[in-house]
Amino acid sequence: MPEHVEVRLADDVRLHVEASGPADAEVTVVLLHGWTLDGRSWHRQLAALRERFGDRVRVVTYDARGHGRSGCMALRTATLAQLGDDLAAVLDAVAPAGPVVLAGHSMGGMTIMEYAHRHPGHFAARAAGLVFVSTTAEGHTHTVYGLSPRIARLIRLAETTGAGVLARCGAWRPPRALLRALRPSIRWMLFGDRCDPTDIRLVTSAVARATLRSIGGFRASIGAQHRLDTLAALAHLPAAALVGDRDRLTPPPCAESIAAALPATALTVCPGAGHMLMMERPEQVNAALAEVLGRALAGAREASARR
């Protein structure tokens, strides 16, 4: 059973953290979820990592501020910059020593980039591998929702306006009845050709736990972030990037630009898959995690042998 930890941040926001595996494991893996989701979105990877690596690896997930079982926050802190700071604080609290592999889905991947940008010394001392799943280093540059650019601009304008309204709604959460009615739209936006009914129920449940402040408040920061220069400085790390060719939010050009910034990155494009690759294509995501983690473990053993 995972260990449940509460991490209180400098601004008194409480984060719900779950960790499994020994505290002195060879490598810690931190799995960061996407916008409006929570740590449960990685459940298939959690099972696969435990089965493959056992006690050699400690696995950490947590719900970002304003999401899942974590506390709400002041609107001014609904930014990727703050999420990068939060990641540094979580590492200090639950994995204060040893190498770390960081895997991020969507906003989670952007959080990793922000952590590297804002805490370069901390990042350099800890990071041993990176896995980017359905994410981007270029804000909404490539996001056209699978539609024509003109229609996409209109949708973005409506989305941005609506986000501003939601951001002012504080800790309220979306009504479950509304989310049930919107389930076909959520399915279209997030999934590709196939969608297991249990997956859409889990995603809808996660959105129902997100505060309206987080649903609206993070939108501006997510759309504006540009961190390709930050990534270019991380080319020495083992890394992987995965994307679905039906992803309407972070389409293949997003992953391609990440791979171009990190030339050694293994790029995987999953035919027929959408934005929720951990659920839609768990085997490919698990394989990428295992490859990067295996290289991190080998590096950890080499470093230990030199001491």
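Predicted model: local features only at pLDDT ≥ 70, side-chain atom pairs only at ≥ 80, totals over all residues.
**Reading loops and helices in this model**

Me: Is Asp12 buried or exposed, and what is its phi?

Reply: Asp12, in the loop between strand E1 (3-8) and strand E2 (14-20), counts as exposed at 53% relative accessibility. Its phi is near 75 degrees, which is again a positive value in a residue other than glycine.

Me: What is Thr135 in contact with, leaving aside its neighbours within four places in sequence?

Reply: Contact means heavy atoms within 4.5 Å. Thr135, which is found in the loop between strand E6 (127-133) and helix H5 (149-167), counts as buried at 3% relative accessibility, and its contacts are Ser106, Gly109, Met110, Met113, Thr250, Cys254, Ala255 and Ile258. The C-alpha atoms of Thr135 and Leu249 are separated by 8.5 Å, while the two residues stand 114 residues apart along the chain.

Me: How many of the residues of H3 are buried, and what does Thr111 touch?

Reply: In H3, 10 of the 12 residues are buried, so this helix is largely enclosed by the rest of the structure; among them are Met107, Gly108, Ile112 and Tyr115. Thr111, found in helix H3, is buried with a relative accessible area of 4%, and beyond residues up to four places away in sequence it touches Leu32, Leu80, Leu83, Gly84 and Leu87.

Me: How do the axes of helix H2 and helix H3 cross?

Reply: Two packed helices are described by the angle between their axes and the distance between the axes. Axes are lines fitted to C-alpha atoms, for helices over the stretch in contact, with angles from 0 to 180 degrees between N-to-C directions. Those of helix H2 (residues 80-94) and helix H3 (residues 107-118) come within 7 Å and cross at roughly 80 degrees, which makes H2 roughly perpendicular to H3. Angles under 35 degrees count as roughly parallel, over 145 as roughly antiparallel, 65 to 115 as roughly perpendicular and the rest as oblique. Residues making the contact include Leu80, Leu83 and Leu87 of H2 and Met107, Met110 and Thr111 of H3.

Me: Where does H6 bend, and how do H6 and H7 cross?

Reply: The bend at a residue is the angle between axes fitted to the seven residues ending there and the seven starting there. H6 bends by about 55 degrees at Leu182, and the proline Pro184 follows within four residues. The axes of H6 and H7 come within 10 Å and cross at roughly 125 degrees, and the two helices are therefore oblique to each other. This contact involves residues including Leu179, Ile186 and Leu190 of H6 together with Ile200, Val203 and Val207 of H7. In H6, Leu179, Ile186 and Leu190 are buried, and what covers the buried residues of H6 includes helix H7 (197-209) and helix H12 (277-280).

How values were computed. Residues numbered from 1 in each chain as written. Heavy atoms only, no water. Buried < 20%, exposed > 50% of the residue type's maximum accessible area, 1.4 Å probe, protein only.
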